[in-house]
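Please keep the sequence and the model in view while reading.

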Amino acid sequence: MYNHENIAAIETIIELKRKHKCSMLDAIVMYCENLDIDLDEFSDEIETWIIDEFKRVGCDTARSILNLSAEELEKRTDLEKETIADVRRILQEEFDKGE
């Protein structure tokens with residue numbers, strides 16, 4: 001069933017295909033690679049103060065955290081290695097569910 005979100009996604013994919021002059025499959029891959037999740041969506045699994053610490057250093061989405069190494073996150077935040085590893089695991093699991 002189509003809804004407004006699905007239609008918007010399809011329109012975006014078609015625009016990516018047109019803009020990049022690529023196949024529909026390549027456009028879908030580009031679209032999916034750009035999907036992200038706001039950290040606040042994980043407030044039931046990650047404590048608010050931890051989310052706030054990531055936001056303090058400019059990491060306010062799941063991909064912004066996953067795109068940095070654990071070592072880089074440790075340098076930028078006041079979080080322990082174990083906490084960073086737990087957060088990265090939670091975020092990665094969410095993206096793995098969507099695959």
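Lys55 counts as partly exposed, at 31% relative accessibility; partly exposed lies between buried, under 20% relative accessible area, and exposed, over 50% (1.4 Å probe, protein chains only). The model is a predicted one, in which local features need pLDDT of at least 70 and side-chain atom pairs count only at pLDDT 80 or more, while totals for chains, interfaces and linings use all residues. Residues are numbered from 1 along each chain as its sequence is written, and side-chain values use heavy atoms, with hydrogens and water left out.

The side chain of Lys55 meets that of Asp40 in a salt bridge (2.8 Å, N to O), a term that requires a side-chain nitrogen of Lys or Arg within 4 Å of a carboxyl oxygen of Asp or Glu. This pair links distant parts of the chain, 15 residues apart, with Lys55 in helix H3 and Asp40 in the loop between H2 and H3. Asp40 is likewise partly exposed, at 40% relative accessibility.

The structure holds 5 salt bridges. Another of them joins Arg56 and Glu53 (2.6 Å, N to O); both residues lie in helix H3, 3 residues apart, or about one turn of the helix. Glu53 is buried, with a relative accessible area of 12%. In helix H5 (residues 70-76), Glu72 and Arg76 are separated by about one helical turn because they are 4 residues apart, and their closest N and O atoms are 2.8 Å apart in a salt bridge. Glu72 is partly exposed at 26%, as is Arg76 at 37%.

The loop between helix H2 (24-33) and helix H3 (48-56) also contains Leu39, which is buried, with a relative accessible area of 1%. Beyond its neighbours within four places in sequence, Leu39 is in contact with residues including Ile51, Phe54, Ile65 and Leu91, contact meaning heavy atoms within 4.5 Å. The C-alpha atoms of Leu39 and Ile51 are 6.5 Å apart, although 12 residues separate them along the chain.

The chain as a whole has 6 helices and 0 strands; these are DSSP runs, numbered from the N terminus, with helices (H or I) of at least four residues and strands (E) of at least two. Buried residues make up 29% of its 99 residues. The C-alpha trace spans about 45 × 25 × 20 Å along its principal axes. Among contacts between residues at least 6 apart in sequence, 41% join residues at least 24 apart.
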